[in-house]
Every structure is written in structure tokens, then in C-alpha cells.
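Here is a short briefing to read alongside the model. Please keep the sequence and the 3D view open as you go.

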Amino acid sequence: DQPAPADLQNLRRMLDDFDGIPEAPLPAGLKATLRDYQRTGVNWLRFLQDARMGAMLADDMGLGKTLQALCVMEGPTLVVCPASVLFNWEREIERFRPTLRVCRYHGPRRALTPETDVMLTTYAVMRRDIEKLSSTRFRTVVLDEAQTIKNPESKVAQAAFKLQGDFRLTLTGTPVENRLEDLWSQFHFLNPGLLGGRRDFRNLYARPID
């Protein structure tokens, strides 16, 4: 008997007379041919993006999570990833969406670059520079290897929660590493409140399932 949250009004309109997830347009200049499951993934991500909800793409390594993410990036985008895959993101963008302007927010001389399309940074830098990064609202925020924020009390998770993005996307091959509460933290970044409060989630789901 309570009104639906305002943020879910887009989803309500999309679900009225729902007839399946529509085929999503692919970005201009995309240099890739998607496999069937990747096309399905892009359609799903775009559906959630249009509904103004965050999305988690959890799949095994090597199946194209980065490519699917590149297909739904719109406007100024922040990608946060481990330092070990920073250069891989640069290569993948150059390979699949070469028209995007990319910069690395990393190193001692790092600076925000307004004219860039995709800004790449690491979890360590995000944690240190969160006040500066959270002052900018991005169209898209991507967390790669999102299990990094599995502990909601950690400094890196607390920093990630402060990021401002119209569409939030997490990529992970291991959404649950140690316990089910790993999932709660990631969804608190994506869609705060969707899985309820942390204590309720622990009592209703995590402990019984464990």
C-alpha cells in the first residue's frame, strides 16, 4: 500500500504490456560481430539502462564481458578496474570502439580530462581520490572485477558507493566468492535498497542459505 519509488517509474512504463526484452541498437562504429549470447546480454543491459537500473554482468573469463559493456557505454564513462587489466581496457576500446577518446586517470600527474569519452582508473586511485571523482557525474560507471567491493565496510567499497553515475554496471566472474553477503554489497552499489538492508538480507537469505 505504498507508492512505488520514483526511480522505478521508467521500469513500470516498460513493463506495462511487456512483450519481451527488445533488440537493442548497437553503437555506431562498433568493430565487432557479437555472438548470440553476447547479443542477448547487450539487450538485457540496455533494457536495464533504459529502466534506469544498475546491471551486473556475471560470466566466466574470456566470454566477452568487456565487449558487452562497451556496447552500452554512453556519454562520459568512468571505468574502475584492477591495475593489472588497465591496459587491457585500452586495447579492447581501441579494438572494438576506436572512435572513443580514452584517458588514464592514473599516476602522479593524473588529472580529470573533461573532453574524454572513457576515463580509466584503478580501485586504489579511486579510493584515494574519491572526493574529486565523486564530484563529477558520469553517464556510465563501470566496476570491473566488482567482487573487489564485496565487503561493504571496506574503504574501497565505501568509496565506490559515492560515485555518481546515471547507469551503473558491474562485471565479475565471481559475484559470490566467500559468502552470499558479497552479492549484497555489489547490488548496494548498483541499485541501493533492491535487496533490502544489509541486516535484513543477512537474516532472511544469507544465513538460511549458508
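The notes below cover aromatic rings, cysteines and helix packing.

This is a predicted model, in which local features need pLDDT of at least 70, side-chain atom pairs count only at pLDDT 80 or more, and totals for chains, interfaces and linings use all residues. Residues are numbered from 1 along each chain as its sequence is written, and side-chain values use heavy atoms, with hydrogens and water left out.

**Aromatic rings**

- A pair of aromatic rings is described by the distance of the centres and the angle of the planes.
- Rings of Phe, Tyr and Trp (its six-membered ring) pair if their centres lie within 6.5 Å; planes under 30 degrees apart count as stacked, over 60 as edge-to-face and the rest as tilted.
- The count by this rule is three aromatic pairs.
- Phe-201 and Tyr-205 make a tilted pair, because their ring centres are 5.7 Å apart and their planes stand at 45°.
- These two residues, Phe-201 and Tyr-205, are four residues apart in helix α9 (residues 198–209), so about one helical turn separates them. Helices here are DSSP runs (H or I, at least four residues), numbered from the N terminus.
- Phe-201 is buried at 6% relative accessibility, while Tyr-205 is partly exposed at 44%. Buried means under 20% relative accessible area, exposed over 50%, and partly exposed in between (1.4 Å probe, protein chains only).
- One aromatic cluster is formed by Phe-18, Trp-44 and Phe-47.
- Arg-168 has its charged end over the ring of Phe-189, 4.5 Å from the ring centre. For this, NZ of Lys or CZ of Arg must be within 6 Å of the ring centre and within 35 degrees of the ring normal.

**Cysteines**

- The model has zero disulfides, a disulfide being a pair of cysteine sulfur atoms within 2.5 Å.
- For Cys-71, the nearest cysteine sulfur is that of Cys-81, 18 Å away; Cys-71 is buried, at 1% relative accessibility.
- For Cys-103, the nearest cysteine sulfur also belongs to Cys-81, 12 Å away; Cys-103 is buried too, at 12%.

**Helix packing**

- Axes are lines fitted to C-alpha atoms, for helices over the stretch in contact, and angles run from 0 to 180 degrees between N-to-C directions.
- Helices α3 (residues 65–72) and α4 (residues 86–96) pack at about 60°, with axes 11 Å apart, which makes α3 oblique to α4.
- Helices α7 (residues 155–162) and α8 (residues 181–190) pack at about 25°, their axes 8 Å apart, and are therefore roughly parallel.
- Angles under 35 degrees count as roughly parallel, over 145 as roughly antiparallel, 65 to 115 as roughly perpendicular and the rest as oblique.
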